[in-house]
Amino acid sequence: MRVKAVVLLICLLLAGSVMAAPITTVTVQIRDEAGTASPVLLHKMEDSMQVVAAQLFNGRDSAFVSADVSGYENLLAEISDRVITGYQTNRVVLSVFQNREGAGVDIVFSVAPWAQTVQKVDVDLQFSGISPFTAAILQERIPDLKERVRETIRGASLDAADWAGGVLRGQVKNCVEEALPDFKVAVDLTTRDRAAIVQVIIYPTGELVRDVQYSMTSQSIPNILLMQLKYKYADKAKSLHGLPAAYLEKNKALFEDRLLRELSGEAQVRRHHLTPRIQIYPGPETRLDIFLESHEYRIWFEGYADIGRDDHNLSGRAHLGKFISRRDEIFGEAGVDLKKVRWDFSGGYAYHYGKATLSYMFRVPADAHVIRAEYDITPKWRLRYEHFGNTGDNEYAVRYRIHEFLSGEYVYSTNKSYFRIVGNL
């Protein structure tokens, strides 16, 4: 009998030691009895009460807590009423449990708004210092921001506006910084009657684009035909002003693609069968170059005024070419010496390979075989070599394009060197 009693006593002691295990797990759940609070706000309430509950229960004897569940529920209800602004706590349910890891408690709070809730949410989203064109592109990176703001605030207690505004600021800040890392955001929440007005202002940071140098050129048609289009896209180029230079550097392909899509749909581009190409060089002094070329024809008109040359110093030339393949062009040229009003006419073939062009033509009335080689070092710099069979003269030139309608060219010929001013139509 004594042995049985000892065994029974040991079992009771072991059972008591299990029930008296310290609490290591605390979980908190909050339910809105009105069913209107957003999951974001409920989660924030849970985080606030989780801190309180963890401090209250972690390490505490589970048996001690089990012995006074109702007392703890009343205590938690009082704390909740003070911590969760705008909501009253109607009921708290506390449950103590045991598992392999030890003891734990589950706490469920049932809350309800003090009075009225937000029924309507107006969101005013603005981009500060950014053009409407650029703002529309940036807004595509945060397409659901307005709706997320509405979902967060709609149904919240009007008396919790200040507290909910803090939650909202954190949510919007994280969203904007993730999608637009070179921007910051300011959020202001006000309430009137049963409506909330949320103003979200997104503004750039860091070094900004201060100026945009812009050009639109074509070697396929006279640039004068593109004047209306040039002025229109000058405004598009200016729209990059105010962007963070770092953001433009990382996303220049996005802006190039957007401008390219718009430009490809222009009536003038379609009418002349042009293929646009856009290149953005980001920085505080950003450069935007637009090239409009055709794989069907090549037309240009140029006038020349030569400085340092006594004869043939005023002249002009027109080129009309048709591509018979991607690289092969047949063309005709007409030239005029304005001083003596003498014309010449040429027919020829040109082979285009990347930045290089090699041409052969026969010119009358001089009965001259002419070979011309050109290489575009950059969109602004060009090298030219020309050989005239009737005289045996060679001509070497370096041209710099000042803008779409004016270039400067240094020419070195067999006889002498001179500077040429080139007017491009």
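Helices (H or I, at least four residues) and strands (E, at least two) are DSSP runs, numbered from the N terminus. With that in hand, let's walk through the structure. This is a predicted model, where local features need pLDDT of at least 70 and side-chain atom pairs count only at pLDDT 80 or more, while totals for chains, interfaces and linings use all residues. Residues are numbered from 1 along each chain as its sequence is written, and side-chain values use heavy atoms, with hydrogens and water left out.

Start with helix 9 (residues 245–264), which lies across strand 7, strand 8 and strand 9 and runs at about 155° to strand 8. Axes here are lines fitted to C-alpha atoms, for helices over the stretch in contact, and angles run from 0 to 180 degrees between N-to-C directions. Contact means heavy atoms within 4.5 Å.

The three strands make an open sheet in the order 7-9-8, with mixed pairing. Strand 7 (211–217) and strand 8 (275–281) are the edge strands, each pairing on one side only. Two strands count as paired if DSSP finds at least two bridges between them. On average, neighbouring strands in this sheet are turned by 10° against each other, direction ignored. Strand 7 pairs with strand 9 (residues 285–293) in the parallel sense, and Met-216 has Ile-290 in strand 9 as its bridge partner. Helix 8 (residues 227–238) packs on the sheet too, touching strand 7 and strand 9, and its direction makes about 155° with that of strand 7.

**The 1-3-2 sheet**

Here is another open sheet of three strands, in the order 1-3-2 and with mixed pairing. Strand 1 (23–32) and strand 2 (87–99) stand at the edges with a single partner strand each, so one side of each has no neighbour in the sheet. Neighbouring strands are turned by 15° against each other on average, direction ignored. Ile-30 stands opposite Phe-109 in strand 3. Helix 2 lies across strand 1, strand 2 and strand 3, at about 150° to strand 1. Helix 4 (residues 69–83) packs on this sheet as well, touching strand 2 and strand 3, with its direction at about 140° to that of strand 2.

Strand 3 (residues 102–113) holds Ala-112. Ala-112 is buried, with a relative accessible area of 12%; buried means under 20% relative accessible area (1.4 Å probe, protein chains only). Leaving aside residues up to four places away in sequence, Ala-112 touches Asp-32, Glu-33, Gly-86, Tyr-87, Gln-88 and Asn-90. From Ala-112 to Gly-389, 277 residues along the chain, the C-alpha atoms are separated by 97 Å.

**Pairs at a glance**

| Strands | Sense | Bridges |
|---|---|---|
| Strand 1 and strand 3 | parallel | nine bridges |
| Strand 5 and strand 6 | antiparallel | 10 bridges |
| Strand 7 and strand 9 | parallel | seven bridges |

Strand 5 and strand 6 form a hairpin with two residues between them, and Asp-193 in the turn has a positive phi of about 55°. Phe-183 stands opposite Pro-204 in strand 6.

Both of these strands meet helix 6: its buried residues pack against strand 5 (183–192) and strand 6 (195–204), as well as helix 2 (39–57), strand 4 (120–127) and helix 7 (161–179). The buried residues of helix 6 (residues 145–153) are Leu-145, Val-149, Thr-152 and Ile-153. They cover an arc of only 85° around the axis, which puts them on the same side of helix 6; the arc is that of the directions from the helix axis to the C-beta atoms. An α-helix has 3.6 residues a turn, so residues three or four places apart point the same way. Just after helix 6, Gly-155 takes a positive phi of about 90°.

Methods: Buried means under 20% relative accessible area, exposed over 50%, partly exposed in between (1.4 Å probe, protein chains only).
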